[in-house]
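Please read the following report alongside the sequence and the coordinates. It takes up domains, a sheet and charged side-chain pairs in turn.

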Amino acid sequence: MRHLIDILDLSPAEIDQLIATANDIIDHPADYAEKCHGKKLATLFFEPSTRTRLSFETAMYELGGHVIGFSDAANSSTSKGETVGDTIQVVSCYADIIAMRHPKEGAPMVASQVSGVPIINAGDGGHNHPTQTLTDLLTITREKGHIDGLTIGFCGDLKFGRTVHSLITALSRYKDIKIVLISPEELRLPEYVKHEVLEHNNMTYVETQDLDSAMQNLDVLYMTRVQKERFFNEADYLRLKDSYILTVDRMEKAPATMSVLHPLPRVNEIEKALDSDPRACYFRQALCGKYIRMALIMKLLEVK
Amino acid sequence: MVIDSIRDGIVIDHIKTGLGLEIYRLLKLGKLDCQVAIIQHATSQKGSKKDVIKIDSPIEIDLDVLGYLDPGCTVNVIRDSKVAEKYHPAIPETLTGVISCKNPRCITSAESDLPHVFRLTDKDAQVYRCIYCETMAKKIKI
């Protein structure tokens, strides 16, 4: 039995296979409509997350399976003081696979230690969000045709942004990737990520505060939201939230082939008028999230 | 200063000076009912400074704690006033129940029954990270 707690739980070959399966689902959805017939997915969301939960649930429905679960810890026995381990042991009596989100970092790992069914980490605090990373990798593959050799810029909150840390970690296993880190001083990528991921893997990277200049050499620009919930201090949040906004004017000077990704939800860091620009991939990216989760559910359920 | 030699017990020798008290704390030696002596800033045979701990009882020593704090120390098991065995603690791959995760967002902060487990992630720099949230353990300052 396999779990997905961290993106590194999957080998590069397994990620390639998931991407290939997701692409096949996109091309032949009818072939997959009954793959999980009779199977049940439990979505245990101890903190709210509409889009990730709906993506998982839609993925299971489109595989012909069923969904149980809760979307708020207030509706679970957690509010009565039940531990994560006990909740998981009970739910694994009813479901064939569990996707869980929890505000505490490491909760999915605790779940995986006691679960009788596969656990998928659907986000644990500011720590890991491996299915978002799979979504990003599928999107980049579909938009650019490949991942090796790309120059990928990350813009915004690189300090607290778990999607950024996970994607950089995943990219460290591809060839000739160049990373451009674009952020204000206060939200720079943490030193330990630079040391243990970028430098440890001999990846080429630069840091800059100048979005306009950095964009000129990018194949992919990964925008992030400055997340209010990651700040202890509201004054810091208000001061930094508008630091890097992608506007139509800015995009006019960007390369014609540069793809713009965003894990969503956005606040105001990408101007709405940009949505019709063919380089804006973020809604196609959200759709990719459903397909890669379908591929992942099949893999962990060992459905052929 | 004279501290009697022991007949049956443990001598933890060649402790990096300043770490003796931390080893005493993490090995919970204060809970023993035998005599325990901590000698700080002792002079070694090579003339350098070291700490030494003498325990007047043949207890089991958690070598993981010593390997984590000071892999350069030695553990001498004394029987009939002679060194019967000598150990050099290795740097442990995992530490369970030795140090605590200080990350308020870690699941261990919410569920007190969970064991605090750290894994060695960088042997050269001796970096340990919480297995749940990957927060780095703070280095012991001498």
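## Domains of chain B

In this predicted model, the C-alpha centres of domain 1 of chain B and domain 2 of chain B lie 25 Å apart. The domain assignment places residues 9-87 of chain B in domain 1 and residues 94-130 in domain 2. Contact between the two involves 6 residues of domain 1 of chain B and 6 residues of domain 2 of chain B.

Between them, domain 1 and domain 2 of chain B bury about 520 Å², and carbon and sulfur atoms give 66% of that area. On the side of domain 1 of chain B, the residues that lose the most area to domain 2 are L26(B), D64(B) and Y68(B), which together account for 72% of what that side buries. Across this interface the rule finds 0 salt bridges.

## Domains of chain A

For chain A, the assignment gives a domain 1 made of residues 7-129 + 289-300, and a domain 2 that covers residues 131-286. The centres of these two domains of chain A, taken over C-alpha atoms, are separated by 25 Å. In chain A, 30 residues of domain 1 are in contact with 23 residues of domain 2.

The area that domain 1 and domain 2 of chain A bury between them is about 2100 Å², with 58% of it on carbon and sulfur atoms. Within domain 1 of chain A, I7(A), R51(A) and H129(A) lose the most area to domain 2 of chain A, and together they make up 28% of what that side buries. The count of salt bridges between domain 1 and domain 2 of chain A is 0.

## A parallel sheet in chain A

Chain A contains an open sheet of 4 strands in the order β2-β1-β3-β4, and the pairing is parallel. Its edge strands are β2 (66-70) and β4 (119-124) of chain A, each of which pairs on one side only. Neighbouring strands of this sheet are turned against each other by 15 degrees on average, when direction is ignored.

Strand β1 of chain A, residues 40-45, pairs with β2(A) in the parallel sense over 5 bridges, and the bridge partner of L41(A) in β2(A) is V67(A). Helix α2 of chain A, residues 50-62, packs on the sheet and touches β1, β2, β3 (97-102) and β4 of chain A, while its direction makes about 175 degrees with that of β1(A).

Side chains of opposite charge can pair when their charged atoms come close. Over all chains, the count comes to 17 salt bridges.

One of these joins the side chains of E14(A) and R2(A), at 2.7 Å from N to O. Because E14(A) lies in helix α1 (residues 12-27) of chain A and R2(A) in the segment before α1, the pair ties together parts that are 12 residues apart in sequence. E14(A) has a relative accessible area of 18% and is therefore buried, the limit being under 20%, whereas R2(A), at 33% relative accessibility, counts as partly exposed.

A further salt bridge is formed by the side chains of K290(A) and E62(A), at 2.9 Å from N to O. This pair links distant parts of the chain, with K290(A) in helix α11 (residues 282-300) of chain A and E62(A) in helix α2 of chain A, 228 residues apart. K290(A) is buried, with a relative accessible area of 12%, while E62(A) is partly exposed, with a relative accessible area of 32%.

In chain B, R7(B) forms a salt bridge with D80(B), in which the closest N and O atoms are 3.3 Å apart. Here too the pair links distant parts of the chain, since R7(B) sits in the segment before β1 (9-16) of chain B and D80(B) in the loop between β4 (74-79) and β5 (82-87) of chain B, 73 residues apart. R7(B) counts as exposed at 51% relative accessibility, and D80(B) as partly exposed at 48%.

Which residues are joined into one network by salt bridges that share partners? The network consists of E185(A), R188(A), E191(A), K194(A) and E207(A).

Note on methods. Residues numbered from 1 in each chain as written. Chains lettered and ligands numbered in written order. Predicted model: local features only at pLDDT ≥ 70, side-chain atom pairs only at ≥ 80, totals over all residues. Heavy atoms only, no water. Pairing = 2+ DSSP bridges. Helix = DSSP H or I, 4+ residues; strand = E, 2+ residues; numbered from the N terminus. Axes fitted to C-alpha atoms, helices over the stretch in contact; angles between N-to-C directions. Contact = heavy atoms within 4.5 Å. Salt bridge = Lys/Arg side-chain N within 4 Å of Asp/Glu carboxyl O. Buried < 20%, exposed > 50% of the residue type's maximum accessible area, 1.4 Å probe, protein only. Domains from an automatic or database assignment. Buried area = accessible area lost by both parts, 1.4 Å probe.
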